[in-house]
Amino acid sequence: MSDPAHNGLISLRGMGRDRLEGLLDRAQSYVGSPVTEQLFGATVTTAFFEPSTRTRLSFERAAHRLGAHIMDLSPDLSSTTKGESFKDTILTLTAIGTDLFVIRHWLADACELAARWSGRPVINAGAGRREHPTQTLIDALTLRQEFGHLDGLRMAIVGDISNSRVARGHLEALPALGMELTLVGPTPFLPNYNPWGVKVSTDLDDELGDTDVVYLLRIQSERGASAGIPADGGYARRYGMSEERLSMLKPAAVIMHPGPINRGVEIDDAAADGERSLILAQVANGVPVRMTVISEALGGSG
Amino acid sequence: MIVIRNAGVLRANKIEQATVVIEGDTIASIGMEPALNGARVIDAKGSWLGPGLVDLHVHLRDPGQTWKEDVESGAQAAAAGGFTAIVAMPNTQPPVDSGSSAVTAFERARAVDALDIVVAGTLTKGRAGKEMAGFDGMYEAGVRVFSDDGDAVPEAGLLRRVMAYLRDLPGALVAEHAEDRSIAGEGHMHEGMVSSRLGIAGLPGIAEDVIVARDIAIAADTGAPLHIQHVSTMRSVDLIRGAREAGMRVTAEVTPHHLALDESSLDGLDPNRKMYPPLRGADDQAALRSALREGVIDAVATDHAPHAPAEKAVPFEEAPRGVIGLETSAAVVASYVLGDDQTTFFDRMSVAPARIAGLERHGRALEPGSPANLVLFDPKRRWVPGSFVSKSQNSPFAGMELTGRVLATIHEGRISYEGGLR
């Protein structure tokens, strides 16, 4: 094995279709699989510098099911509140004994730097607004289970795309899997430039009849998104997934959301809890996908 | 006595292959072979000899941040870059914003032999953007260039009063860092294809454009001369061109890094390519190059902004803004824009900036009796910058092959740098 830091998963950018499908195949094989001792003795450190519930818990459960030990850094209780730099935190955790880092951070290059500083593989559990690659794999797996294929599927990503690392991960990988993406939202929520060359629309109702997947995003007020739109609730009327909008969809179309959801804003109960909703299936697929990337990072063949 | 043979000499109306003889602080003769008793003879075949370079925009970090740079190390770096005069920006700690601080800064500057350091003063007290700085005291101490560099003057009303006052002081120049903070926010790179793809908060070009437009309007209203620092956008260039065509006294500078690089080189998030204004789009870069050739942008200025290695060895979004530029400026400008045109090269690198800053002993064509502030530059020499004379090493050009190298620098008849001579 060459540089161990290269076996992590930091970005899906440039990853070919074969490699992506290989990851999905392997994740599918982990669905409902028994606990193994495959990674017995390995230590996986979760270092989340931004709040997370589902992602962190699902990584922990994935590591447990592979037999690995978890070391969790909770920055709000640790030295980072005493002014320790990100670099020193990574070096310290490496010295304690870490085989793999799972990192969430507000910085776009946090994972690359942690890999360089530690010499350990790093899995990106959400870096800045740049990418959230395991969420992308989860959503691809969920759609493949639902439709049996991804080729030609049309997904409308709706909402605060500018602030969304989930959307950026999707934009890097889902077209390579044969999907067609459209970005939908008010102009302040859309990226100012379109390096992906995908379709962009400000009118959700125009898109609904033509889409297989409506992928809703939360408004990330913590990243300043609320300042881009009026505070009068008009967003929900223009872009919220309401019962009326559900009726405009194709019969087989589905609703997805990476969570956490804000009911009554981007999604109504009828959409979140209805039969088109794949939201809980997405959450369930978190474990097999994360088992896959942890196992690959630590060189396990499965 | 210094004798330089076989260089292409930039004279008032021509470029001439000739022998230049320097005695004392003056060019004694051009074209005549002197008696060589004890003279230093430099054979400079294929090289350009012209007036020493002048940089309108340097951060010496002294006083206040001398771990990054100080007057002496900055002077040595500048001499190595071919400069014989530099304008030191006033955003030191404390800033140069009064007569007494200007007197102190000039005393430090005049203690340096390697080149002339010209002290700039702030436009507002404490560089805080609230009230006028002590213009008369600074002017009496010798300050002619005034800038709040690092920030634009935020309030249009204050800038109008500042310009109305400085208009009455002959030779005084209002130099603006054009950035509207209410638009730029906390951005880290040009708002464009790369920032959109990486989800990095952007610095849109419009943050510069609106200040350039505002400042030109206020300059037209007050009649004060205006200099736009480190122009980086296509629209700014168009606004400046329009002002010049209307006969206004508006000048502008561009940095070597904005001429050479664009946003595409930020894909790897290298903190040594983070600065303000940020590396812009390819269309902006093309507009800057042609504006410099045309003369719509008068001068190249480095915005030499040293930061210590540890300060830059951090995540991109946490890294301080700024890159060093003194030691690579001539090579970068020759490599990317003006390497084929000696006359224009020396105009933009020396003649024009000396005129803008009002420096009589710099930026003059070589004639008998001219001051011996000179640079010898080989436009064909290839080299790869690695380590720098500056205390800081935050260059975007480290490891890149450049074409054109400063061979030697002469300040007031004395060799201040000769590290490029073989």
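This is a predicted model: local features need pLDDT of at least 70, side-chain atom pairs count only at pLDDT 80 or more; totals for chains, interfaces and linings use all residues.
Chain A is divided into two domains. Domain 1 comprises residues 4-132 together with 286-297. Domain 2 spans residues 135-282. The C-alpha centres of the two domains of chain A lie 26 Å apart. Their contact draws on 21 residues from domain 1 of chain A and 18 residues from domain 2 of chain A. On the domain 1 side, the elements that give two or more residues are α1 (17-30), β4 and α11 (279-297) of chain A. Of these, α1(A) gives the most, with six residues. By class, this side of domain 1 has eight nonpolar, seven polar and six charged residues.

An open sheet of four strands in chain A has the order β2-β1-β3-β4. Its pairing is parallel. Strands β2 (69-73) and β4 of chain A stand at the edges. Each has a single partner strand, so one side of each is left without a neighbour in the sheet. Neighbouring strands of this sheet are turned by 15° against each other on average, direction ignored. Helix α2 (residues 54-65) of chain A lies across β1 (43-48), β2, β3 and β4 of chain A. The helix runs at about 180° to β1(A).

The pairing of β3 with β4 can be followed residue by residue. Strand β3 (residues 100-105) of chain A runs parallel to β4(A), and four bridges join the two. F101(A) has V122(A) in β4(A) as its bridge partner. H105(A) stands opposite A127(A), also in β4(A). Between these strands, the chain crosses from β3(A) through helix α4 (residues 110-118) of chain A to β4(A). This β-α-β crossover is right-handed. Although β4(A) is an edge strand with a single partner, it is mostly covered: six of its six residues, 122-127, are buried. Strand β4(A) is also among the elements on the side of domain 1 that touches domain 2 of chain A.

A second open sheet in chain A has five strands, in the order β7-β6-β5-β8-β9. Here too the pairing is parallel. The edge strands are β7 and β9 (254-256) of chain A, and each pairs on one side only. The twist averages 25° from one strand to the next. Strand β8 (residues 213-216) of chain A pairs with β9(A) in the parallel sense over three bridges. Within this pair, V213(A) stands opposite V254(A) in β9(A).

W196(A) is placed in the loop between β6 (180-184) and β7 (199-201) of chain A. The residue is partly exposed, because 19 other C-beta atoms lie within 10 Å. A residue counts as buried at 20 or more. W196(A) and S247(A) are 51 residues apart in sequence. Their C-alpha atoms are 30 Å apart in space.

Chain A also meets chain B. In this interface, 15 residues of chain A are in contact with 13 residues of chain B. Helices α4 and α6 (165-173) of chain A each supply at least two residues of the chain A side. The residues of that side divide into eight nonpolar, two polar and five charged.

Definitions and conventions:
Residues are numbered from 1 along each chain as its sequence is written. Chains are lettered from A and ligands numbered from 1 in the order in which they are written. A residue is buried if 20 or more other C-beta atoms lie within 10 Å of its own, exposed if 12 or fewer, and partly exposed in between; C-beta atoms are placed from the backbone. Two strands pair if DSSP finds at least two bridges between them. A crossover is right-handed if, with the strands pointing away from the viewer, the path from the first strand over the helix to the second runs clockwise. Two residues are in contact if their C-beta atoms, placed from the backbone, lie within 7 Å. Ala, Val, Leu, Ile, Met, Phe, Trp, Tyr, Cys and Pro count as nonpolar, Asp, Glu, Lys and Arg as charged, and the others, Gly among them, as polar. Axes are lines fitted to C-alpha atoms, for helices over the stretch in contact, and angles run from 0 to 180 degrees between N-to-C directions. Domain bounds come from an automatic or database domain assignment.
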